[in-house]
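Open your viewer and keep the selection tool at hand. We will go from the whole chain to single side chains.

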Amino acid sequence: MDQRPERVDALRNREAVLAAADVLFAASSSPHSVSMDDIATAAGVGKGTLFRRFGDRAGLISAVIASRLEPLRQAVCEAQDAAGSAPRQRVLDLLDASLHFKIENRNLMAAAEDAGLSSPYQAEHYDWWHGMLRAALGQLPGVHDADFTAHALLAAIRADLVAHLIDDQKMTSDGLRASLAAYVDNVLGSSTPGEA
């Protein structure tokens with residue numbers, strides 16, 4: 001069955017809703033304080049448009065996360081494809097990019113959890129990060145189970161943990177990124193020649 005192209009006004013409304021939700025979640029001190037009414041008003045659309053387009057709050061939040069992740073995903077793929085990057089450095093770069101995204105979007109990620117989105121391990125973006133990380137780990141000598149190691153390293157940067165460390169424990173972004181790099185070094189052990 002052929003899919004019809006999206007109407008111009010529907011596409012414009014979708015973009016307005018995503019932009020409004022993105023701004024509201026970023027500006028909010030609590031994901032609970034952003035309502036569907038707030039988003040509809042900020043986007044200049046009716047609340048019904050939100051529900052027809054995204055189904056519910058969880059669907060809208062998923063769409064906002066996907067729209068924010070897409071440019072990052074493209075940049076990561078380009079960087080990973082660049083010649084000369086050692087697998088160990090690719091592991092560090094992948095984890096740092098994911099951590100940076102979660103730091104910058106912690107209210108949005110918390111809203112996703114609050115909206116009842118399923119386990120983060122069921123999310124499409126988790127599979128993508130895990131696959132990229134597993135592939136880089138698989139090229140490192142001494143990593144016996146790249147699949148498990150990728151899961152364990154991603155667990156160290158779960159969105160709820162990042163929010164707790166930044167917001168509750170008052171850890172700085174740079175401090176968290178440095179701690180992650182040290183943790184990765186501990187997990188992967190000392191560098192092998194050519195893998196610094």
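**Before you click**

This is a predicted model, in which local features need pLDDT of at least 70, side-chain atom pairs count only at pLDDT 80 or more, and totals for chains, interfaces and linings use all residues. Residues are numbered from 1 along each chain as its sequence is written, and side-chain values use heavy atoms, with hydrogens and water left out.

**Stop 1: the whole chain**

Show the cartoon. You will find 10 helices and zero strands. Both are DSSP runs, numbered from the N terminus: helices are H or I with at least four residues, strands are E with at least two. Of the 196 residues, 37% count as buried. Buried means under 20% relative accessible area, exposed over 50%, and partly exposed in between (1.4 Å probe, protein chains only).

Now colour by pLDDT, the predictor's confidence in each residue, from 0 to 100. The chain averages 84, and 89% of the residues score at least 70. Select residues 192-196: here the pLDDT is below 50, and the stretch has seven contacts in the model beyond near neighbours in sequence. A contact means heavy atoms within 4.5 Å.

**Stop 2: inside helix α5**

Select residues 87-104, which form helix α5. Pick S98 in this helix. Is S98 buried or exposed? S98 is buried, because its relative accessible area is 2%. Leave out residues up to four places away in sequence, and S98 touches W129 and I157.

Next, pick F101, also in helix α5. F101 has 8% relative accessibility, so it counts as buried. Its contacts, apart from neighbours within four places in sequence, are I65, R68, L69, L72 and M109.

**Stop 3: salt bridges**

The structure holds eight salt bridges. Each is a side-chain nitrogen of Lys or Arg within 4 Å of a carboxyl oxygen of Asp or Glu.

Select D185 and R88, whose side chains meet in a salt bridge (3.2 Å, N to O). D185 lies in helix α10 (residues 173-188) and R88 in helix α5, so the pair ties together parts 97 residues apart in sequence. D185 is partly exposed at 36%, whereas R88 is buried at 6%.

Finish with R177 and D96, another salt bridge (2.5 Å, N to O). R177 is in helix α10 and D96 in helix α5, so this pair ties together parts 81 residues apart in sequence.
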